[in-house]
Amino acid sequence: MNDPFDSRGVCWNTDEIEEFLKTRVPRDKIKEFGSIDSIVDGAIASLRNNIKITCFSEELFSMPMWSHYANNHKGFCIEYDFTRLSYENDLTKYLFPVGYESHRYDITNLFKITFSEPYDPRVKLLYFLMNLKHSSWSYEKEWRIIKMRLPEEKAFKSGLEDCPLKPTAIYLGVNFDKNKVHSVKEKLKGLDIPIYALKVSNSEFFEMDLESIN
């Protein structure tokens with residue numbers, strides 16, 4: 001994650017939380033935990049350590065996206081069509097759009113809930129706040145699959161997850177190594193996945209064209 005605020009699009013009232021904890025946690029225990037900010041930071045870190053995130057974009061032709069995430073057009077983009085999944089499929093339940101705001105969300109009250117009612121369903125809102133980013137990132141038009149460890153799970157399963165969808169297309173960047181195109185075609189042989197190469201168009205606008213290389 002190249003955004004220092006990623007999964008940290010939240011803020012809290014330190015004084016209010018401290019006063020709240022004084023009524024529920026012995027003072028010496030609070031001192032053991034450290035500062036209020038370190039307690040909240042620790043809680044957020046715990047959330048981050050119990051989720052898996054994979055990211056997608058609605059935008060294929062975004063030049064900044066190709067520069068940032070595909071090695072200056074030397075890489076490739078994989079397209080998926082999630083509308084092909086049935087509503088009952090578990091993967092659709094984990095797919096969320098990223099929201100873009102100019103202000104962080106105040107989680108003071110949510111944090112109080114975690115101390116009062118550890119299993120209150122509203123605590124799950126903290127997971128969804130992982131999808132809040134600053135408005136300067138809005139050009140990414142990002143969606144995320146966020147899979148979280150459920151309370152009844154004793155351990156969080158690490159590693160890759162199976163995807164019920166196969167790609168609908170592969171797009172090679174403008175600067176993709178032409179010597180590797182044959183290798184790509186061989187690896188996808190028999191999968192019936194179209195391959196396209198992006199190229200700079202001869203247009204008055206800053207546009208790119210697609211060229212089929214199947």
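In this predicted model, Val200 has a bridge partner in strand E11, namely Met208. That pair belongs to the neighbouring strands E10 and E11, where E10 covers residues 195-200. Five bridges join E10 to E11, and the two strands run antiparallel. In general, the strands of a sheet pair through backbone hydrogen bonds, and the pairing may be either parallel or antiparallel.

Four strands make up an open sheet, and their order is E3-E9-E10-E11. The pairing within this sheet is mixed. Strand E3, residues 76-79, and strand E11, residues 208-212, are the edge strands, since each of them pairs on one side only. From one strand to the next, the twist averages 30°.

The largest pocket has a volume of about 1,400 Å³. It is lined by 43 residues, and those closest to its centre are Thr54, Cys55, Phe56, Ser57 and Tyr80.

Which elements build this lining? Strand E2 provides the largest share, with six residues. Sorted by class, the lining of the largest pocket holds 23 nonpolar residues, 14 charged residues and six polar residues.

Note on methods:
Residues numbered from 1 in each chain as written. Predicted model: local features only at pLDDT ≥ 70, side-chain atom pairs only at ≥ 80, totals over all residues. Heavy atoms only, no water. Pairing = 2+ DSSP bridges. Axes fitted to C-alpha atoms, helices over the stretch in contact; angles between N-to-C directions. 1 Å grid on protein atoms, 1.4 Å probe; cavity = no way out; pocket = protein on both sides within 12 Å on 5 of 7 lines; lining within 4 Å. Points joined across faces, edges and corners; volume = space filled by probe spheres on them. Nonpolar A, V, L, I, M, F, W, Y, C, P; charged D, E, K, R; others polar.
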